[in-house]
Amino acid sequence: MDPQRWMEIERLYHLAREREAGEREKFLAEACGGDELLRREVESLLARPPEGQDFLEVPALEVAARAFAKDRVNLPPIDMTGRTIAHYRILEKIGEGGMGVVYKARDAHLDRTIAIKVLPAEAMADAERRRRFVQEAKAASALNHPGIVQIYDINSDGGVDFIAMEYVAGKTLDRCIGRLRIGEALKYGVQIADALAVAHAAGIVHRDLKPANIMVTETGLVKILDFGLAKLTQPIQREVSGTVSSMESLTGEGRIMGTVAYMSPEQALGQELDVRSDLFSFAVVLYEMATGTLPFRGSTLAALFDSILHKAPISPVRLKPDLPDELEHIVKKALEKDRKLRYQSASDMRADLERLKRDLDSGRLVTSMAAEPARIPSLAVLPFANLSADKENEYFSDGLAEDIIDALTHVPGLRVMARTSAFAFRGKEQDVRKIGAKLSVENILEGSVRRAGNRVRVTAQLVKARDGYQLWSQRFDREMTDVFAIQDEISQAIVEKLRVQLAGDRPLVKRHTENVDAYHLFLRGRHCMFRMTPESLTKSKEYLEQAIALDPNYALAYAGMAEYYFWSAHWAFKDPREALPKFKSAAMEAVSQDDTLAEAHSMLGLALGPVGFDWAGAEREFRRAIELNPASPIVRFYYGFFFLQPMGRLDEASSQLQRAMELDPLSSLYNTLLAYLYYARGQCDLAIAQHRRAMDLDPSFFAPHWLLSAAYAHMGRLEEAIAEAQKACELSGRHALALGLLGLAYELSGRRSEARALLEELTTKCRTTYVPPTAMVAVYHGLGELDQTLGWLEKGVEERDLIVVCCLKSEPLTIPVQGHPRYQTLLRKMNLEP
Amino acid sequence: MLGERGGHLLQTTALVNEAYLQLINAREVQWQDRAHFFAISASLMRQILVHFARSRDSQKRGGQYRQVSLEESAIMAPHGDADLLELDDALTALAEIDPRKAKVVELRFFGGLSLEETAEVLKSSVNIVWRDWDMAKSWLYREMRHGAM
């Protein structure tokens with residue numbers, strides 16, 4: 001076909017596909033401009049089978065399998081139990097696999113129990129194959145070693161081919177893997193090496209060494225099965241004609257992938273095999289015994305081959321940090337792709353294993369490889385205890401733990417408690433079992449930091465919450481300049497301990513700055529931020545400013561700075577008209593310094609949405625932030641409370657906050673604002689309970705009392721509303737927001753003079769400090785002054801009182817004004833749907 | 001992958017194994033890289049499956065085929081050897097017009113590769129692979145429909 005023509009067909013085909021089925025005809029008629037052939041060509045392509053009948057969507061292998069099923073009856077293997085072949089009486093079936101069905105049988109001549117392997121009929125159908133096989137089996141039967149299952153007889157009776165061999169009571173190694181201690185792994189390893197050495201000396205290569213071919217007896221002896229029998233599965237070179245019979249011999253095993261996983265690279269390439277191939281397979285077994293996982297893996301056969309041929313396995317010590325380094329050396333050497341670089345004989349490998357075993361047994365090498373559960377998915381990192389003389393160093397010990405938390409939250413498949421929750425246990429001497437139960441985590445990491453001059457000593461230990469059992473511990477003595485390296489080391493060690501595999505070797509702790517002093521200042525800044533008092537926020541700002549002065553490219557510090565301005569404006573510690581422009585430029589600076597920082601994008605989302613009223617832009621930023629760090633609770637929190645709530649999407653907002661709370665259940669801020677969302681959705685009982693939890697978490701935080709007062713007022717429980725508002729005033733030093741709600745509660749309960757007095761107090765406050773319109777709205781709402789209420793709402797939107805902006809749609813107190821045209825105008829001004 | 005279709009598992013395993021036997025016998029092949037490896041295995045898988053389909057097909061024509069129950073033939077009918085052989089012919093024809101599209105089908109259908117993997121092998125983008133795959137299927141179905149008539 002003319003390429004030009006083909007391109008035209010292709011172009012029109014795709015254009016038509018993008019259209020609804022009903023519109024295609026018209027489209028094609030126009031687009032083809034009278035070229036009937038072209039139109040018909042494209043149309044015939046579009047007439048494809050309906051979804052579901054699209055057989056190309058099913059992988060070819062499966063299509064072929066169905067074809068097989070169609071013309072072949074798959075006879076179930078005949079159970080030979082009770083029958084007698086030659087002079088062997090078959091007692092019971094004991095296994096299937098390894099090229100046939102295996103039975104326990106009684107040798108009538110020698111009166112002993114043996115095992116009989118009945119081979120599939122097709123295995124020996126080919127004369128050449130049979131000759132080669134029998135030859136190999138004969139050689140193998142000459143092997144006499146306690147580590148090798150002895151072959152007694154290879155014969156045929158009544159058309160049934162079978163092998164009679166030593167009966168071994170025990171189980172195959174593949175059933176033990178994953179539960180072995182290093183001592184056992186080595187004990188078995190030495191025995192396997194021993195057996196291989198004997199067979200190799202006799203010129204016999206196993207060719208199919210894998211755990212399913214290795215028996216372990218009740219007394220811990222190892223016996224290798226099927227020596228040399230692997231030839232049965234090997235095609236005669238170049239014989240790939242695909243006669244059905246040649247395939248039949250292989251079908252029974254059904255574990256092709258399992259076999260391939262243990263193959264050497266030369267075996268995968270179909271080259272001649274020698275003893276070194278067995279040593280490679282043996283090392284795969286050793287690796288698996290020690291780590292519980294295979295060194296080479298792949299979801300498809302091709303991927304598995306690729307791994308065997310081209311990839312270096314993950315180092316065993318990375319998977320299991322308490323493995324001895326020496327084992328790593330042995331395995332690595334035996335797994336060399338190039339056989340010239342491997343151990344050249346089983347006895348060399350045996351000697352190394354034996355030496356390692358001796359050192360371990362004698363306690364010269366210490367390891368604590370206990371049987372771990374296969375998966376440990378949750379962890380809490382407690383604040384590291386500060387043992388330094390100087391209490392000032394607390395920020396450093398906290399920061400270290402925070403950074404470890406941060407690094408670990410990026411690890412897929414691991415649930416890590418966020419800082420607030422884990423840090424609730426600071427300084428409380430609590431039993432790890434209680435902490436574990438309270439946070440519902442299985443593991444706890446705790447540690448200490450002692451700093452003296454320029455030296456720092458960090459200890460860390462990982463314990464099982466259930467029983468306090470120590471899984472791992474380590475001490476790090478470092479120069480203070482090495483702080484990043486210490487964090488990296490500790491995070492890495494924990495992650496490995498938890499058997500979570502990481503992609504590649506990239507450092508876990510992302511360095512946001514190379515300047516250690518800037519980093520320390522940032523930690524101090526962050527330490528102060530979330531106490532949410534005017535003093536702590538001011539301190540936080542000072543530290544962040546110094547951090548930026550030392551490293552002007554420090555994106556995370558800019559994001560922190562943005563956060564500082566945002567919260568200062570939110571709580572009206574600063575006039576939002578001054579604070580928010582600075583907030584915005586810090587947010588932009590953070591993104592321009594590091595576009596991959598989730599925190600920076602969430603700040604930009606806040607700048608665009610509740611501050612800029614560009615809601616579409618805000619959503620984009622929040623989505624990006626979540627994509628960059630889906631496990632960050634604070635990003636979810638900002639998205640839910642400051643984006644979804646003002647949009648009126650309260651259900652989604654609550655689920656984002658719930659998400660944040662799953663990651664950080666003990667944050668009083670999240671608890672308080674989730675409680676508020678319950679209230680906004682009319683679930684006042686839930687709101688009350690949730691506020692109480694928030695108070696328990698941080699009894700000094702005024703916000704839960706303040707918002708609980710609003711809930712009580714809404715429910716008409718006015719005494720309680722007054723009590724909570726008074727408590728909020730007390731805790732906040734008579735913050736305008738608390739005064740506003742106290743005024744509302746007084747007014748509603750008929751204590752008018754007290755309400756007026758509060759209005760007076762607020763008005764006086766206005767002269768000296770910034771009073772958020774939210775406070776005025778509450779009071780005027782109580783007084784029933786609609787005009788003033790609306791006026792202050794308008795002022796709130798104008799000035800970007802963030803509480804007004806975010807709660808305008810959701811706050812139940814605004815219901816009386818919601819029908820008012822001024823309210824509608826206000827929403828439109830914010831680019832929100834009325 | 002095929003566990004729930006239990007009955008076919010053994011046969012499928014046999015096929016995989018046969019493919020593997022061919023692979024290990026391909027000693028003259030030097031794998032250049034991962035992409036090359038995937039490409040070769042897809043192409044081998046095609047040869048093998050078509051080879052089997054053809055040999056079974058000729059056995060039947062030779063009159064050796066066994067009785068197939070009515071239900072069984074109804075269930076299996078749309079996915080049999082005939083489809084595979086027709087597809088192979090159609091795919092060869094497609095390769096003459098648009099080799100890249102034919103390659104996409106080989107990798108996806110015979111090699112079992114995902115869109116992403118296919119794009120990697122062909123050093124192309126997922127988008128382009130998706131478009132190629134979509135049109136190639138349409139084209140192949142049409143050819144096979146014609147062939148059947």
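Helix H5 of chain B is largely enclosed by the rest of the structure, because 9 of its 12 residues are buried, where buried means under 20% relative accessible area, exposed over 50%, and partly exposed in between (1.4 Å probe, protein chains only). Helices (H or I, at least four residues) and strands (E, at least two) are DSSP runs, numbered from the N terminus. This is a predicted model, in which local features need pLDDT of at least 70, side-chain atom pairs count only at pLDDT 80 or more, and totals for chains, interfaces and linings use all residues. Residues are numbered from 1 along each chain as its sequence is written, chains are lettered from A and ligands numbered from 1 in the order in which they are written, and side-chain values use heavy atoms, with hydrogens and water left out.

**Helix H5 of chain B**
- The buried residues of H5(B) are B:Lys101, B:Ala102, B:Val104, B:Val105, B:Glu106, B:Leu107, B:Arg108, B:Phe109 and B:Phe110.
- H5(B) covers residues 99–110, and its end C-alpha atoms are 16 Å apart, which agrees with the 16 Å that its 12 residues should span at 1.5 Å a residue.
- The expected span of a helix is 1.5 Å times one less than its number of residues.

- Chain B has 7 helices and 0 strands, in the order α-α-α-α-α-α-α from the N terminus on.
- Of the 149 residues of chain B, 51% count as buried.
- Contact means heavy atoms within 4.5 Å; among contacts in chain B between residues at least 6 apart in sequence, 63% join residues at least 24 apart.
- Chain A has 36 helices and 15 strands, and buried residues make up 56% of its 834 residues.
- In chain A, residues 24 or more positions apart account for 61% of the contacts with a separation of 6 or more.

**Helix H19 of chain A**
- H19(A) runs over residues 516–529 and reaches 20 Å from its first C-alpha to its last, close to the 20 Å expected for its 14 residues at 1.5 Å a residue.
- H19(A) is largely enclosed by the rest of the structure, because 12 of its 14 residues are buried.
- Among the buried residues of H19(A) are A:Tyr519, A:His520, A:Phe522, A:Arg524 and A:Met529.
- At the start of H19(A), a side-chain oxygen of A:Asn515 comes to within 2.9 Å of the backbone nitrogen of A:Asp517.

**Cavities**
- There are 10 cavities of 30 Å³ or more in the structure.
- On a 1 Å grid over the protein atoms alone, a cavity is a set of points where a 1.4 Å probe fits but cannot get out, and lining residues have an atom within 4 Å of a point.
- The largest cavity holds about 380 Å³ of space, a volume being the space filled by probe spheres set on the points, with grid points joined across faces, edges and corners.
- Its lining has 28 residues, and A:Tyr676, A:Thr774, A:Ile803, A:Cys807 and A:Glu811 lie nearest the centre of the largest cavity.
- Elements that give two or more residues to this lining include helices H27 (668–680), H33 (773–783) and H35 (802–807) of chain A.
- The lining of the largest cavity divides into 21 nonpolar, 6 polar and 1 charged residues; Ala, Val, Leu, Ile, Met, Phe, Trp, Tyr, Cys and Pro count as nonpolar, Asp, Glu, Lys and Arg as charged, and the others, Gly among them, as polar.

- A:Glu288 is in helix H10 (residues 275–291) and counts as buried at 11% relative accessibility.
- The side chains of A:Glu288 and A:Tyr262 are joined by a polar contact of 2.5 Å.
- A polar contact is a pair of N or O atoms within 3.5 Å; within protein, one must be able to donate a hydrogen and the other to accept it, and residues adjacent in sequence count only if both atoms are side-chain atoms.
- A:His570 is in helix H21 (residues 555–570) and is buried, with a relative accessible area of 5%.
- Not counting residues up to four places away in sequence, A:His570 touches A:Phe642, A:Leu802 and A:Ile803.

- A:Asp111, in the loop between strands E3 (101–107) and E4 (112–118) of chain A, has a positive phi near 50°.
- A:Asn831, in the segment after helix H36 (821–829) of chain A, has a positive phi of about 60°.
- A:Asp111 is exposed, with a relative accessible area of 54%, and A:Asn831 is exposed at 52%.

Terms used: On a 1 Å grid over the protein atoms alone, a cavity is a set of points where a 1.4 Å probe fits but cannot get out, and a pocket is an open set with protein on both sides within 12 Å along at least five of seven lines; lining residues have an atom within 4 Å of a point.
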